[in-house]
Amino acid sequence: MSTRWYPIYQRGNPQLRVFLPNFWMKLVRPEEKQPKNVVQFKVPTGMTNYDIENYLTKIYKIKVIKVESSIENGKLKRSIMNKYGPIVKEDDFRRAFVTMPKDEEFEFPDVCTTEEFRKRNTEDEKSSKISQDMYKDYLKKQGNRPGLPGWFSF
């Protein structure tokens, strides 16, 4: 699972040797509704189903029943700065669906509480109301002069 180079073992005092995997796993919120015991991950393309299962059981001590994965192509994007610039392709990734035992349930963590969400929502509504009022005032100043810029006056 690991391709890192570690220093050669030397005799003497006990040495702390930690073997870290080269892989990463990103927990992803599923697009379609999944059963409570299925979790979705994005993993590198070099990771096999066996590697995914070992990673979860040995590092996180999770019982894994089944792993299904498929390789997905990265998106094609054009440079933000120039619409005629080069097209860049994101890295490909493997989408893995991990099934745990039926008695174990996974619930995606709630990052934003409802109070924070309401507070943000009211702030957004206030700012949009202010911008709408400013736009109405701008249109009143324009009067009946369509096509003329706002700074032009007789």
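Modeller: Welcome! Ala, Val, Leu, Ile, Met, Phe, Trp, Tyr, Cys and Pro count as nonpolar, Asp, Glu, Lys and Arg as charged, and the others, Gly among them, as polar. This is a predicted model, where local features need pLDDT of at least 70 and side-chain atom pairs pLDDT 80 or more, while totals for chains, interfaces and linings use all residues. Residues are numbered from 1 along each chain as its sequence is written, and side-chain values use heavy atoms, without hydrogens and water.

Biologist: How far does helix α2 reach from its first C-alpha to its last?

Modeller: Helix α2 covers residues 114-142, which is 29 residues. The expected span is 1.5 Å times one less than the number of residues, and for α2 that gives 42 Å. The model comes close to this, with a reach of 42 Å.

Biologist: Now the largest pocket. Which strand gives the largest share of its lining?

Modeller: The lining has 14 residues, and Pro30, Gln34, Pro35, Phe106 and Phe108 lie nearest the centre of the pocket. Both β1 (26-28) and β2 (38-43) supply at least two lining residues. With three residues, the largest share comes from β2.

Biologist: How many charged residues are in the lining of that largest pocket?

Modeller: The largest pocket holds about 310 Å³ of space. Its lining has eight nonpolar and two polar residues. The charged residues number four.

Biologist: What volume does the second largest pocket have?

Modeller: β2 supplies at least two residues of this lining too, as does α1 (49-59). The volume of the second largest pocket is about 240 Å³.

Biologist: How many nonpolar residues are in the lining of the second largest pocket?

Modeller: This pocket has a lining of 13 residues, and the closest to its centre are Leu27, Val39, Phe41, Leu56 and Ile62. By class, the lining has no polar and two charged residues. The nonpolar residues number eleven.

How values were computed
1 Å grid on protein atoms, 1.4 Å probe; cavity = no way out; pocket = protein on both sides within 12 Å on 5 of 7 lines; lining within 4 Å. Points joined across faces, edges and corners; volume = space filled by probe spheres on them. Helix = DSSP H or I, 4+ residues; strand = E, 2+ residues; numbered from the N terminus.
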